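Student: I have a model open on my screen. Can we go through it by question and answer?

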Amino acid sequence: MIIVLKPDISKKQFDHVIERIKALGLKPMVSKGTERTIIGVIGPEDQLRAQPLEVIAGVEKVMPVLKPYKLVSREFKPEASVIEIGNGVTIGGKQIAIMAGPCSVENKQMLQETAKAVHAAGAHILRGGAYKPRTSPYAFQGLGEDGLKFLRDVGKATDMPVVTELVDTRDIQEVEQYADIIQIGARNMQNYELLKEVGQSRKPVLLKRGLSATINEFLLAAEYIVSQGNFNVILCERGIRTFEASTRFTLDLNAVPVIKKLSHLPVVVDPSHSTGAWDLVGPMAKAAVACGADGLIIEVHPNPEVALSDGPQSLLPKTFAELMKELRKVAHAVGRTL
Ligand code: PEP
Ligand code: MN
């Protein structure tokens, strides 16, 4: 249920509405927009239906949300969410946000080299995995806390916030300490305990779409995080499993405008994991910006031939810099900045 408040509601009236909701044993989730404030109410709705909340001073209307997800829906919040990352970086506004860096943090030196290059080319956020969810248990699993330390140090030195993946609820405090954005990988999109855990965090979350998740399931996964109180969720389309075997996954660019219609959360696209091939990253990155993505996450490696993970899809720093120039033109053509 959504309670829309009148623009001129007083503090006293607002507190009274909150009190009434709590007295019914329900949980109010407040969203302050530029125009007006709305309250999402989670819990058994029939109790609310029996109470004529419309009659309380300061309440404009009470509406049911028909979608299974509530707080992430456009009904709950009509205007797009802009997530503040730090260092003046935002995701979801006019500016396209570019996250770039290696798949895995392999050592400090390669990270420094990559970070300097992507920053010089205009990237805003440094990516790098320290805990890697690898398909094979024999593949490189990441450097763990050492990798997180390298990431934070190099991010600071190059003036970029950092994004890294959390794979285990036991590591949340450690990852929170080093990361500016906590990534939940595709394989963990339906790990509901992990989602609830990052929902309790105040750090922004980059939630990647599951390999075989529908958009409905994706938005419900985001609802798990938001319903715990963390509204700073960035959705990431990273390709889904289809019958097509020419690319690693099939990048579902339909998801970008579809999600924008259904949800107020920002959407970024990962052209690296979706294609699995470095020469396809540029075309799909440009297409993503053209169709309304709020940002991109791109893998870059100084020497992809020797990369410990995802070398075939990693761009050389020089290729990334060239792509950034082209992306700027696409961004301007669709009324965005980069
Ligand atoms: C990654 O970003 O390194 C990654 C493992 O991505 P995904 O979860 O989308 O496969
Ligand atoms: Mn990767």
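Tutor: Start with two terms. The model is predicted: local features need pLDDT of at least 70, side-chain atom pairs count only at pLDDT 80 or more, while totals for chains, interfaces and linings use all residues. Residues are numbered from 1 along each chain as its sequence is written, chains are lettered from A and ligands numbered from 1 in the order in which they are written, and side-chain values use heavy atoms, with hydrogens and water left out.

Student: Which classes of residue make up the shell around ligand 1?
Tutor: A residue is near a molecule if one of its heavy atoms lies within 4 Å of it. Residues around ligand 1 include Cys-103, Arg-127, Glu-165, Gly-185 and Glu-299. Ala, Val, Leu, Ile, Met, Phe, Trp, Tyr, Cys and Pro count as nonpolar, Asp, Glu, Lys and Arg as charged, and the others, Gly among them, as polar. By that scheme the shell has 2 nonpolar, 3 polar and 7 charged residues.

Student: How much of ligand 1 does the protein bury?
Tutor: Take the contacts before the area. A polar contact is a pair of N or O atoms within 3.5 Å; within protein, one must be able to donate a hydrogen and the other to accept it, and residues adjacent in sequence count only if both atoms are side-chain atoms. Oxygen atoms of ligand 1 lie 2.9 Å from a side-chain N or O atom of Lys-132, 2.8 Å from a polar backbone atom of Ala-186 and 3.3 Å from a side-chain N or O atom of His-273. Taken alone, ligand 1 exposes 300 Å² (Shrake-Rupley method, 1.4 Å probe; for residues, only the protein chains shown count as cover), and the share buried by the protein is 96%.

Student: Which side chain does Gln-313 contact?
Tutor: Helices (H or I, at least four residues) and strands (E, at least two) are DSSP runs, numbered from the N terminus. Gln-313 sits in the loop between strand 14 (295-299) and helix 11 (317-333). Its side chain makes a polar contact, at 3.4 Å, with the side chain of His-273.

Student: Why is Gln-313 classed as buried?
Tutor: Buried means under 20% relative accessible area, exposed over 50%, partly exposed in between (1.4 Å probe, protein chains only). Gln-313 is therefore buried, as its relative accessible area is 2%.

Student: Is His-124 buried or exposed?
Tutor: His-124 lies in the loop between helix 3 (108-121) and strand 8 (125-127). Its side chain makes a polar contact with that of Gln-95 at 3.0 Å. His-124 has 18% relative accessibility, so the class is buried.

Student: What is phi at Asn-87?
Tutor: Most residues other than glycine have a negative phi. Asn-87 lies in the loop between strand 5 (83-86) and strand 6. Asn-87 counts as exposed at 52% relative accessibility. Asn-87 is not a glycine, yet its phi is positive, at about 55 degrees.

Student: And what is phi near at Asp-159?
Tutor: Asp-159 is in the loop between helix 4 (145-157) and strand 9 (162-165). Asp-159 is exposed, with a relative accessible area of 53%. Its phi is positive in a residue other than glycine, near 65 degrees.

Student: How far apart are the C-alpha atoms of Ile-182 and Leu-126?
Tutor: Ile-182 belongs to strand 10 (residues 181-184). Ile-182 is buried at 0% relative accessibility. Along the chain, Ile-182 and Leu-126 are 56 residues apart; between their C-alpha atoms the separation is 12 Å.

Student: How far apart in space are Gly-155 and Val-167?
Tutor: Gly-155 is in helix 4. Gly-155 is buried, with 3% relative accessible area. Gly-155 and Val-167 are 12 residues apart in sequence, and C-alpha to C-alpha they are apart by 21 Å.
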